Amino acid sequence: MILRHEFSPADNQRLAQLCGSLDANLREVEATLGVAITRRNEAFRIDGAKKPAERALQLLQTLYEKGRRTITAEALQLALVEAASDLGLKPVSAQPVSAAPAGGELVLRTRRADLAGRTPNQHDYLAKILAHDITFGIGPAGTGKTFLAVACAVDALERSSVQRIILTRPAVEAGERLGFLPGDLTQKVDPYLRPLYDALYDLMGFDRVTKAFEKGQLEIAPLAFMRGRTLNHAFVILDEAQNTTPEQMKMFLTRIGFGSRCVVTGDTSQIDLPKGTHSGLVDAERVLAKVKGIAMTHFTSADVVRHPLVARIVEAYEAQTKARLKAEAKLAGASK
């Protein structure tokens, strides 16, 4: 059915709050209730099944009344949850508007004016980060997984899309036992988080990073310290995710709050967990592959942007792994 409604008297401020930036709020309502909404100034047209269309109109009227004040991401999400619950639906987030201009080229606000994806997979990765609440970047070293994620986080902070950046990774040694490290918490975890600092310094500059830490706009912490938190209005990056356990991965992903975006990066060929421990990243690839709102980009040696020798090293190890798996499968088949 088609419902038409005209808000009268028209109030531009309330209409702006109702619709959101570039009608983003209307897209959320459409995605959640399964209707199509078009508008011309204060005149709205809702197309959909009878009950969802009626509930969508009721929701628009409620949001219009609330529009005298700013409609926050929390308020919108709670209203959508309530509306979906009334219809027995599960709320689904619409794809947020990306920072890409009409020409299609992604523009990121960082100190590196020339920052852009260099390969098709990197372009796809950036687009997915800007269009999804949770994005996985999985692939070998040197493909720009972490660097591009941090660049998107800095861009979001510069645009005031988020209030802070939170960078985390599991404190797992790469095959070595370093023992007890001296110093306070910051000094103990700094060696594990150094790659994240390097990316921040490159993209923001040392002075800007220092001031951001002082203002609470930047936070770097080991994964263990994420338990029990709810991360609202934040851009959260989990690096070296291959060294999480499935329990840690679930714990981390369920920290995401209103107005937040999350990127998980890792290399499943470099797992440093104790023998017999399953990787949370490998587990998440399987469990979350078909979950709406979650995107995954898989990088290969063709996406390596470091020294050319790195790509050849990655290819050599990949070939060795394939040969070993083939030999094991052949041996298993012969033993049956």
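Reader: Which residues of helix α9 are buried?

Author: In this predicted model, the buried residues of α9, which spans residues 246–253, are Met249, Met251, Phe252 and Leu253. Among the elements that cover them are β4 (134–138), β5, β7, β8 and α10.

Reader: Why does serine 279 count as buried?

Author: Buried means under 20% relative accessible area, and serine 279, at 6% relative accessibility, therefore counts as buried. Serine 279 sits in the loop between β8 (261–266) and α10 (280–287), and, leaving aside neighbours within four places in sequence, it is in contact with Ala241, Gln242, Thr244, Pro246, Ile271 and Leu273.

Reader: What makes the approach of the side chain of serine 279 to leucine 281 a polar contact?

Author: A polar atom of that side chain lies 3.2 Å from the backbone nitrogen of leucine 281, and the cut-off for such a pair is within 3.5 Å, so the distance meets it.

Reader: Which residues have the most contacts inside the largest nonpolar core?

Author: They are Leu200, Phe235 and Ile237, in a core of 32 residues. Helix α6 (145–158) is one of the elements that each supply at least two residues of this core, and α6 gives the most, with 9 residues. Not counting residues up to four places away in sequence, leucine 200 touches Val150, Val154, Leu167, Gly205, Val209, Leu218 and Ile220. Apart from this core lies another, of 24 residues, including Leu3, Leu15, Cys19 and Leu60.

Definitions and conventions: Residues numbered from 1 in each chain as written. Predicted model: local features only at pLDDT ≥ 70, side-chain atom pairs only at ≥ 80, totals over all residues. Heavy atoms only, no water. Core = buried A, V, L, I, M, F, W, Y, C linked by side-chain atoms within 4.5 Å. Buried < 20%, exposed > 50% of the residue type's maximum accessible area, 1.4 Å probe, protein only. Helix = DSSP H or I, 4+ residues; strand = E, 2+ residues; numbered from the N terminus. Contact = heavy atoms within 4.5 Å. Polar contact = N/O pair within 3.5 Å; in protein donor to acceptor, adjacent residues only side chain to side chain.
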